[in-house]
Every structure is written in C-alpha cells, then in structure tokens.
Amino acid sequence: PYIYRWRKYIILIFVFAIILLFCTFIKKLLPEIDMVINSQCKNPLVQWDGKFLKLQIWHNPSKTRPLHYNIHHEYSPDSKIDFNHIQKVPHAHSKPVIYWGTHHKTGTFLAKKIFSKICASMNWCCIFLSSRDSIHALNAVLHSEPVNIIGHNHWIWGPKFDKMSNYRFIHFYRDPYKKIISGYRYHYDGIEEWSKKILPFEKACAFSNSSFQKRQSISLPQLMEHCESIHICETCCRKAHEIPFNRSNSSPFFGIHSHQSLKMDNNGHSESSVFFSRPFAEYSFMCEHLGKPARGRSLQATLQQLSPEEGILSQAALDLYETLTMARIFNETFSDPHSLNIDLDYMTGNFNQATKQLLSFLSPFIPNPHQRDRLHADLTFFDLKTSPVYRWSMENPVINHVNTQHSLRQSTLDFEKALKNHPDFMEAYRTIFELMNIKT
C-alpha cells in the first residue's frame, strides 16, 4: 500500500508537470492569450474572430458590426454611408498611439506575435484588425477604446495622421520580387482556402479594351467590377484609382494632392466619387496574365496548370495593386522620423538586431531600458533560425505558413530572372520600382 500510494503521487506530479509544460508552451506560442488577459481595453475580445487554429469556438463579433466596417460592403447602398464623406485617414487620437501595418506575405503572423508580446508585457490596450476591416472599423476602435497599439494586416493609409505628431508607425514591407515569389509558392500549394475557389478573376480584363489606352475618369460601379478580381486587396485597387496618375509626382497618393475633380477637405473627406484610370500597361498585363488564364478556375488550379514561368506572372498580376500600396507607403514614410520600415527578409536573417532596432524606435513608449531588454530577450522565441519550436508551429500542417519544403524545383533566383526578363512585367511594375528606388 505504501508503494502504491507513492506511485499515485508520482503519476499526479508527472501529469501536473505535463500540464504545466503544455501551458507554458501555449503561452509562449500564443502571446495573444496574455495580451487579452492583461489588456486594458474595455472589450479585449473586440478583434478576435472567435477562431482557434481555424476552428470557430466562439461568437464572431464582426457579424454584428455595421456593414461599412467591412471593406467588401464599404460602398454598398445597404451600408447607409455617404460615399462623399468617407474618412480617408485615421482620426486624431487623444493620446499617443503605435500603429503597425503589413501586407500579404510581408510578415503578418510575425508582427502579431511581436506586438502581442509587447502588449502583454506592458499591460496595454491593443487591437489588431484584419484585412476585411475598413477605415471605419479602425476609427471606431480609436473612438471607443483607450488604444496603445493598433495594427492592420492590409494597411493602406498614409503616414499623415490627421493632427497627430506623437505617434509611431511600423511598416513591414518586402522586396517586390521576393513578395511575388513567396505568394506564388504559397498559393501554388493552396494553403489559403480562397485560393481553391473559383473567383471572378476574368474581371481583371474590365479595363483592357482599347478605350482605356487614354486616361479617363472611371465610375464607382466600373471600378468595383474591376477590383473584384483582385481578391488579395480590393481596397488597394480602389485606392490606386483615387488620384489622377502622374509619373512626375513621386507619390500621388493618400489624398494629399488636390485635383479639380477630386478635392479633399482638411479632414481627408472626399468631395467627389470620381476615380481615374491608371497606365494601360497595368490593365493589359493583369488581363493577359490573370484575367484570361484564371477564367473559370481557382487560383491554385491556374498556377498548377501554367508553367512556373507563366504562373509567376499570374501571381505578379494578382499582387500588383497591393504591392503598389506597399511601395507608396514605403515612399511616403521613408523620411518620416515617426515611421520605421522593416524589411521582412532583413528581419528574418537578422532577428536579434532587427528587434533591438524596433524596441529602440519605441523607446518613447517604453522608456525603461530594462523593460526593453527583457522584451528583447522574450522576442527571441520568434526567431525562425534559432527557435525550433516556433518554426515547427509555423510549418505544421494546420498553420503551414512557413513552408520551405515546397514541391517546386525553381529557386528564388530562377523566378526573379523570369520576372526581370519579361518586358510587360517590368513596365507594369515600373511605378513600384520607382517608388522604392529599385534599379531595373
């Protein structure tokens, strides 16, 4: 009986140790849990979609929000919002705010982990919005919550935050070639569910007829039809058409430059619903390499049917407007002392140095150097090169977000060479390369 009793205790201690180890593992892997527990937000779950590992386990609050908080319904007549008075920039906030923004394949998962850890350690109110959330959702959060950090994984707005000077903006970007290649491999494997669905990619040809060879105004219904083909970022497509294209103007974006048909008031409100066409080379490229080959097919099926040299061009066409948005934000923020642009590939290769630079940039918000040092040490868990546990979490079949074991034989240099040798691609991406000062 004596031995039996001790055996029970040993088993209990072992089970308890396993549970403790598992909880420690989950807390390290999911800093979002601590962020919510320690949050000073009135509603810490406001940004959670109710999913855990892609399973719906809780109510999704986005289902009950106003219609125009979703970018897909922002301009819908049912949204009951006056298009002529749409707020183009984030509202001024009564206290300093840290903003972070990413784009497709520029480090969204990593950014969420880093800022979740910072928020949990600082006991801050942090809200991370998703790609479907419009400027109205962002402004609603700024009005209703004592926000310290707000992030968006399809950031499209400029750095000229209205009447704000005490802010920090962290923008995650990537070399356009690497962004396209990463997206191609990701969609080739069909990791995202939408890439397996048949979508109206043929609408990418809406502006490819000869009448659009001359610059002209575009109506909202026309633009909505065209942008529907750009599933990655429809808002990027609409944003790209808001200001008359002018190559002599280095950054014709964000409503900073007025035009006789599209005037912006001091609050960033548009006084007209007229949009403007872009260079015909962009429309022609998108139609030829996305609209035509993907007609009646899913993106994954299209990429798998085409040769790698053609498939990479289809991905480039899909990426064009979102990459243009990334390039414009990079251009606008490059000399802004309140903004920090982080190259994802630099961060992946130099994680220790990059996170140290990031925390130093945030020193006005985290003035205690010992706190920054502790955070820097904690963030090393998310270094893919030195953290096998984190790497496994990103490569496992459930997440599958970082996959180096793809089935394609072509190297990154092979794909980059194919893009550089294609004149239509180089012309379609010309503005992007100019904005990012990339030599061609």
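**Exercise 1.** Identify the backbone nitrogen that a side-chain oxygen of Asn368 reaches at the start of α13.

*Solution.* The side-chain oxygen of Asn368 comes to within 2.8 Å of the backbone nitrogen of His370. The model is predicted, with local features requiring pLDDT of at least 70 and side-chain atom pairs pLDDT 80 or more, while totals for chains, interfaces and linings use all residues. Residues are numbered from 1 along each chain as its sequence is written, and side-chain values use heavy atoms, leaving out hydrogens and water.

**Exercise 2.** Determine which residues of α13 are buried and which are exposed on the other side.

*Solution.* Step 1: apply the cut-offs, with buried meaning under 20% relative accessible area and exposed over 50% (1.4 Å probe, protein chains only). Step 2: Arg372, Leu375, His376 and Leu379 of α13 are buried. They lie on the same side of α13 because they cover an arc of only 105° around the axis, the arc being that of the directions from the helix axis to the C-beta atoms. Step 3: the other side of α13 carries His370, Asp373 and Arg374, which are exposed.

**Exercise 3.** Describe the packing of α12 (residues 351-361) with α13 (residues 369-379).

*Solution.* Step 1: α12 and α13 pack at an angle of about 145°, with their axes 10 Å apart; axes are lines fitted to C-alpha atoms over the stretch in contact, and angles run from 0 to 180 degrees between N-to-C directions. Step 2: Phe351, Asn352, Thr355, Lys356 and Leu359 in α12 meet Arg372, Leu375, His376 and Leu379 in α13, contact meaning heavy atoms within 4.5 Å.

How values were computed. Helices (H or I, at least four residues) and strands (E, at least two) are DSSP runs, numbered from the N terminus. A polar contact is a pair of N or O atoms within 3.5 Å; within protein, one must be able to donate a hydrogen and the other to accept it, and residues adjacent in sequence count only if both atoms are side-chain atoms.
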